[in-house]
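Morning, everyone. Please bring up the model on your screens.

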Amino acid sequence: MEKNKLNYVVKEDSSKPYKYISKEKFDILKEFHKNFLLINDSCENLNNSLFASQNLMKFINFEDYDKKLSFKTDAPMIKYLTLSTILFSRIFIDNLRHLSRQIKSNEMEVIINEYDEKDEYKMMRALRNYSSHQSIPIYDLSFNGSFSKKESYYDIIINKKELLKSQDINSRDKKYFQNLQEEKINLKTYFEELETLNEKLFVKILEEFSNNINSTDRSTFIECFDKRYEITSEFIEIRPNRPSVHITP
């Protein structure tokens, strides 16, 4: 390497050697990296949402069959897992909306709006808003089944009348609760569908994100990487959230 000459390189992971590339290709990847970080954030939020919902479903479905029934200890855990699932599901979809606006994709916005009108997402939004002013509104935990048959589970019940008593409820959520057909609503059915919806939505967003990558960025990326990437040079290192300058002898 000539003294004071920048060598631009990419490195897929620690087990593979650097690939030397031109400054033009480095600059292309550097710009693409900004959007890549946005979709990476969305992927992390999806994983958080899936982790929360999967842990909730495992707990209320008694997948640990040696677990002893105890309302005293089960109720606080179910409330915690329920609230986590509600919050992470809304963080996930709100983050996707931020992504669509950052990369200026009207198509993404349309997809997100379509999903956000589904009943499961409306319920999560209304319960998130309710819980931000009051406690998680679980009205009852109903135990069903038999441990001996390994078919035991909890139903998580909310009560329409109790929800509408809130003085802090906004008009949109109030209308949503009023339109619920049943007086007592089992959230378990919502959570069972939510995980599938989150995964389907993210697949659609990934497809749209891929469609928005221009041919130059795409060909450069494919040429330089097999799976994932970080962008570095011997003086300049591009890391998530910030660039930093490294001086070498």
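Which residue forms a salt bridge with Lys 165? The partner is Glu 162, with the closest N and O atoms 3.1 Å apart. A salt bridge here is a side-chain nitrogen of Lys or Arg within 4 Å of a carboxyl oxygen of Asp or Glu. Side chains of opposite charge can pair when their charged atoms come close.

Quick housekeeping. This is a predicted model: local features need pLDDT of at least 70, side-chain atom pairs count only at pLDDT 80 or more, and totals for chains, interfaces and linings use all residues. Residues are numbered from 1 along each chain as its sequence is written, and side-chain values use heavy atoms, leaving out hydrogens and water.

Now, exposure. Buried means under 20% relative accessible area, exposed over 50%, and partly exposed in between (1.4 Å probe, protein chains only). Lys 165 is partly exposed at 48%. Glu 162 is partly exposed too, at 33%.

Next pair. Glu 109 and Arg 101 meet in a salt bridge, at 3.4 Å from N to O. Glu 109 is buried, at 18%. Arg 101 is exposed, at 54%.

How many salt bridges are there in the whole structure? The search finds 11.

Last, helix H4, residues 119–133. Helices are DSSP runs (H or I, at least four residues), numbered from the N terminus. The expected span is 1.5 Å times one less than the number of residues. H4 has 15 residues, so it should span 21 Å; its end C-alpha atoms are 22 Å apart, which agrees. Its buried residues include Tyr 121, Met 124 and Leu 127.

Notes
Helix = DSSP H or I, 4+ residues; strand = E, 2+ residues; numbered from the N terminus.
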